[in-house]
Amino acid sequence: MRQLTAFLRLFYLFSLRHLLRHRGRALTVLAGIALGAAVFTSVRLSVDASLASFANTVDRLAGKADRVVLADGGGVPETLVAELLRHPALRAAAPVMSTYVRPSTDPERSFRMVGIDPILDRPLRAWEAEDRDRAARAAWVSLMARPATLLAGASLARDLGWRVGQKVDLEHARGPVAFEVAGRVTSDGLGGVEAGRLVIVDLATFQEFTGRLGEVDRIDLLAAEDLGEDEWDLLAARLPPGVALALPGGAKAAGTAMVRAYQINLSVLSFASLFVGMFLVYSLVALNAASRRQELSVLRAMGAGRGWLFALFIGEGAVFGILGWTVAIPVSTVLVKYLLAAVSQTVSTLFVRVAVERLVLSPAELGLSFVLTVAVSVLAAWQPAREAMGVAPREVMTQLPLSPRYPARARRLAAAGIGCLLAVLPLARVPGPPGLPLPGYLATLLLFVGFALLAPWSLRHLGARAAVLGGRRRAPFFLAARYVRDSGTRTAVSVGALITAVALFCALVIMVHSFRRTVEVWVSQTIAGDLFVAPRMAEINNFRDPMAPADVEAVRNLDLGVTIVPHRRYNLHHAAVPYTLEAMPLAAFFRHGDFVWIGGSAETVRPALARGEGVVVSEVFAHRTGLGPGQRFTAQVGDRRLDWPILAVIRDYRTQGGVVFVDLDALTARIPGTGWTGVRFFADGNLPRIEALRQALITACGERLDMVSGAELRASILQVFDETFAITTVLLLIALAVAALGITTTLTVLVLERARQLNTLLALGGAYGQIRRMILTEAAFLVTAGEAAGLACGFFLSYLLIYVINRQSFGWTFVYRVDWGALALSAPLIVAVALLAALPALGHVLRQPPAALLRDR
Amino acid sequence: MTGTPIIEARALTRVYRLGDTPVTALAGVDLAVAPGALVVLKGVSGSGKSTLLSLLAGLDRPSAGSLVVAGRDLGAAGEAELTLFRRQVVGMVFQNFNLLPTLDVLDNVCLPALLAARPRGPARRRAEELLAWMGLAHRQRHFPAQLSGGEMQRTAIARALINDPQIILADEPTGNLDSRNGRAVVALLADLNRRWGRTVIIATHSTIADRVATREICLADGAIRDGSCAS
């Protein structure tokens, strides 16, 4: 204890006071690490809030159910409810239906409608009327007694200004219906689904409104007592074909996995800022360790052990980590407000619909960011602390010049770096856990470490060559080259920071460009068409509801000289992997559009597909299920078994899982009477004809259809794409800003560390201008080397991102395309910004008067 | 004294500020040094030796008074003139050697010539001559960390001579050396004073250079004291 007290006292006197005395530098480093920690924390908290909202909705909808009865690709027969209720092992069986609807007055504010049987549902889900008087509490009776009545969630009623007794028009696939608000429910239990933005209706009302008579989405079961797996299996065996028994968390697990993959990618990207911030801590702690060598030898001479010296500098790192995190948390609470809307919007658009109402500062997330921030800072201080440990007590008696670093160390580091780089590809090929690109990220880390370890050796050779190639004629150039040659790990670390930031920049530029170009090809070919028509709310409800037969007939009877390509979609599962089975008349489709093929011969596959001789699967489906060409695709839709050979793999970028395409006639042959879930029209881009078509559809089908032009649809897909990557761009810019701070700190440190050398140069006849040019040349060396290596590293990284991490995270890859224009434009810009970041260091040149050379004894 | 002095100071004063407190390091020093003299500047720590030396070297500017060295008025000189002065007129030798650790012996010696943008070939040949004279011909490609203290100081002296300066200013040149190496360094400085006619000023608080000095100046409390420091 006494030892600890003594150490803490020494730490205060030796380290903290020193940091306070040089608070400008300390604050710069603190700003960098705090910014990194704040970005990391706020990104995690934002995605967590979306995840919590999703989980909350799923849990509240699931209620106390032990098992659920589901039918993949269709509805569960309602008659099954009565049969299940008679089963002695079950205490309750409650049908549930759910869909998204929208008010006619405000089409942008869609919300969830849940259909239940208020009596059967009571044992499974709780919900309370908002007003506690008797009339309000009997509102559920109104749901059953009167058609077209609803109970509104508290938030929704508040947002839309609904009052009890008010009539409201709601729209769905079958057109608008006037509902009466019978009451409002509190945010407890079922009322808290999607943060209270829902309506609850009676099951019969739901079925009449959506036209799904005689079927339900699922039946939730509550066992009378604890049932074993065998008993559940017996129950499952009695279910009709196409109907299955599942655990209630199935949808939650699939949705959570998708959002988690997104969170991991954002977390890794936001961690880049923290990682780059690590270099700042290194620079300052290294400066303190090097510039205070004499003081350290005094401490050693007076009895301080090697461990104490090590602990002093590790302590400095820890102080930066703890203070950085402390500053980061309030910054995060501001930052997260801006991120929350963007992240929840992206999650809703791409994965699962979420309604984030409030932000929870999760202790686990705060703990994670604390541990990571401190760990990163301590790790950054490790090497300088080890160097400090090496100070011998006898050094107090000598005033030797700093030893130059010898090449052996640089060679050893380079050998280790090459080892890391060689391990990148084999590691990237290791299959990771589903949805978690762990090998990909480890390979990325190895890539960064490999390049960073190569930096000292590369700089040494760069400096040596530059000094020989004409450098001797110009003193600043020659001296800068020599310094870079011999500066060893110190400058290599700052170059490592720059490599990291530039590599991320370069890789993301390539990845986003490749992704966008591939998506552009995909939307122009696979999303080809001039007008897309589907039942109201079809998109948000995953095209689950077929068009009304009358509307299908009306479309068939149109005679406007356009090609009609209808589709039928089923949302299915292969094991636990969700996917869409989409059928359309492929011969007609191929006349106007195409798939984006991966390998194989499209010329031979297209006719076979159009003849219904097989299916094509998206690479997401292929990757997640392990199925590919030569194997068979099988599925159960209702009581029908589907089975086709897989002919080819195509690219597809819908985010709700994979897709399987089959010819519509082939599907209809197996599932007779299958309806349409939407139609696309090809009118050769003839705008008047498209407008005439639109008017004809409105005349024939009224307000029951949503219509969007092909151009609008494709533009909206690309807009979603751009908005998704807006967050990425912001995170990247922050990482670059932290890297610029790193350059400022490192060069300042290099200048301060060499005050004596610079003054010597002045005493030997060097001009101020020469010395400033020398520092600027050093900066140019470091920046150019960092940028060049960063670009090289970035190309490798882009390969990993496109072919490994995206594949492991989302199951897709893209066609590799380099945005040479953006890189050519940004490369000199980054060099310029990095050199600007070097300017503050020039201000420190010769700040100490040259005469100090003679007083410094 | 005969002829024009190479160093002439009148009422030379240098005042530093330590926080709000002015500290007078030199207080109205009058000094004239003849060309070819070997002056030993003596005095205890804080007497003003280093301050006077830094003014003579053009590393610092006087607060008051005048200082003319080799015909250049250092009090009135601009930054560029001072830089040229340091390149052409003086060569500095430091107690701590101040060799650049990233340059080998030959490059360290050539450094002032490089800064002065002199042609590389002649500078290199001159450096090799100087190193040979210093007994360091075999050490040309060694780095400072591989040299002994005496070798480092001889390298520093060679460096001070590379631009052929009129004046050599040495600040405690033997301070970090053992007595044998210290004597060798003093002998070298005396040699280049006698054989090559350089003006040499050695600031020291030891007696090691007394026997080679043509003149001894004693500083105390920022002023030149009459008579010998020993008294």
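Start at one residue pair: A:Val68 has A:Asp220 in β10(A) as its bridge partner. Keep in mind that this is a predicted model.

Now widen the view to the strands. β1, residues 67-71 of chain A, runs antiparallel to β10, residues 218-223 of chain A, and 4 bridges join them. β10(A) has another antiparallel pairing, with strand β3 of chain A, residues 90-103. That pairing has 6 bridges. One residue to look for there is A:Val96, which bridges to A:Arg218 in β10(A).

Next, the whole chain. How many helices and strands does chain A have? The count is 27 helices and 21 strands. The C-alpha trace spans about 100 × 65 × 50 Å along its principal axes. Chain A has 857 residues, and 50% of them count as buried. Now the contacts. Take those between residues at least 6 apart in sequence: 85% join residues at least 24 apart.

On to the core. The largest nonpolar core holds 342 residues. Which of them touch the most other members? A:Ile200, A:Val281 and A:Ala735 do. In general, nonpolar side chains tend to be buried together in soluble globular proteins.

Let me zoom in on A:Ile200. Leaving out residues up to four places away in sequence, A:Ile200 touches A:Val114, A:Ile116 and A:Trp127, among others. A:Leu150 and A:Leu151 are also in contact with A:Ile200, as are A:Val185 and A:Leu190.

That is the tour. Questions, please.

Conventions:
Residues are numbered from 1 along each chain as its sequence is written. Chains are lettered from A and ligands numbered from 1 in the order in which they are written. This is a predicted model: local features need pLDDT of at least 70, side-chain atom pairs count only at pLDDT 80 or more; totals for chains, interfaces and linings use all residues. A nonpolar core is a set of buried Ala, Val, Leu, Ile, Met, Phe, Trp, Tyr and Cys residues joined through C-beta atoms within 7 Å. A residue is buried if 20 or more other C-beta atoms lie within 10 Å of its own, exposed if 12 or fewer, and partly exposed in between; C-beta atoms are placed from the backbone. Two residues are in contact if their C-beta atoms, placed from the backbone, lie within 7 Å. Helices (H or I, at least four residues) and strands (E, at least two) are DSSP runs, numbered from the N terminus. Two strands pair if DSSP finds at least two bridges between them.
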